[in-house]
Amino acid sequence: MTDADPSPAGAILLTPDGSRTALSARYGEAYGSRHGAAAQARHVFVEGSGTQVHPRPRVLEVGFGLGVNFRATLADGERRGVPLEYVAYEFDPAPVAVLREVAEGGMGADHPAWKEVLAGWGGPGPLWVKVPGVSLTVHFADIRTAPLPQGWATALYLDGFSPARNPEVWTEEVVARLASALAPGGVLTTYSAAGHVRRALAAAGLTVERRPGPPGKREHLRAVRP
Ligand SMILES: C[S@@+](CC[C@H](N)C(=O)[O-])C[C@H]1O[C@@H](n2cnc3c(N)ncnc32)[C@H](O)[C@@H]1O
């Protein structure tokens with residue numbers, strides 16, 4: 001997520017809005033924004049996709065990471081009293097202790113669905129969580145090859161580390177696969193504002209918009225399936 005990460009791999013990082021993130025050993029990059037991990041989750045993903053006003057959000061996420069976007073979406077759904085369906089993909093699950101520490105005291109951390117995530121985390125099979133009002137599936141699989149629901153998602157959170165560090169999830173081919181998972185009117189949102197990402201989204205038939213970014217970032221992209 002960030003350009004320069006001097007912290008040791010695996011380190012938990014406190015961000016200016018009081019939320020935490022961590023450094024990925026594999027990518028040498030923080031999972032969430034160092035300028036505010038919770039702020040980014042809410043601004044780019046929950047609000048950027050219009051999920052905070054959707055009456056029955058169905059969210060597809062690449063990748064689940066530390067669950068910060070999930071908790072932000074969970075907290076929003078709980079506050080509004082709307083049901084949430086969430087399907088995420090993650091091919092390199094972080095240790096549960098990191099998920100727990102990053103979440104402690106944060107949004108959605110007391111929700112029964114989050115407690116079940118922590119209790120069932122680890123794979124290799126999918127993680128299924130079903131509590132009143134919330135259904136979550138985490139597939140421990142590579143988004144490039146995993147079967148995806150077709151025409152299903154009202155929101156797609158594309159959050160697979162930066163195009164510079166993880167170019168594999170930002171190719172035209174993968175973006176087109178992801179676009180096919182969107183329901184008509186569904187919105188793909190990502191923190192990236194890179195030109196080649198914008199072009200890949202447009203090539204997949206989506207209507208791309210630039211939107212003001214979260215703290216520390218000028219712009220990000222959202223793309224709507226007509
Ligand atoms: C920036 S982090 C995601 C942060 C997460 N959305 C959150 O809210 O905590 C990127 C995640 O994408 C996962 N990832 C990267 N490439 C992937 C792929 N091809 N398939 C599935 N997951 C992938 C990484 O393992 C990492 O956990």
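F161 sits in the loop between β8 (153-158) and α5 (172-180). Helices (H or I, at least four residues) and strands (E, at least two) are DSSP runs, numbered from the N terminus. The model is predicted: local features need pLDDT of at least 70, side-chain atom pairs count only at pLDDT 80 or more, and totals for chains, interfaces and linings use all residues. Residues are numbered from 1 along each chain as its sequence is written, and side-chain values use heavy atoms, leaving out hydrogens and water.

- F161 has phi near 65°, a positive value in a residue other than glycine.
- G63 lies in the loop between β4 and α2.
- The peptide bond from V62 to G63 is cis, with omega near -15°.

**The largest pocket**
- A pocket is an open set of points on a 1 Å grid over the protein atoms alone, where a 1.4 Å probe fits, with protein on both sides within 12 Å along at least five of seven lines.
- The largest pocket holds about 470 Å³ of space, and this volume is the space filled by probe spheres set on the points, which are joined across faces, edges and corners.
- Its lining has 34 residues, and G63, E90, D159, G160 and F161 are the closest to the centre; lining residues have an atom within 4 Å of a point.

**Who lines the pocket**
- β2 (20-24), α1 (37-47), β4 (58-62) and α2 (68-80) each supply at least two lining residues.
- α1 gives the most, with 3 residues.
- The lining divides into 16 nonpolar, 10 polar and 8 charged residues.
- Ala, Val, Leu, Ile, Met, Phe, Trp, Tyr, Cys and Pro count as nonpolar, Asp, Glu, Lys and Arg as charged, and the others, Gly among them, as polar.
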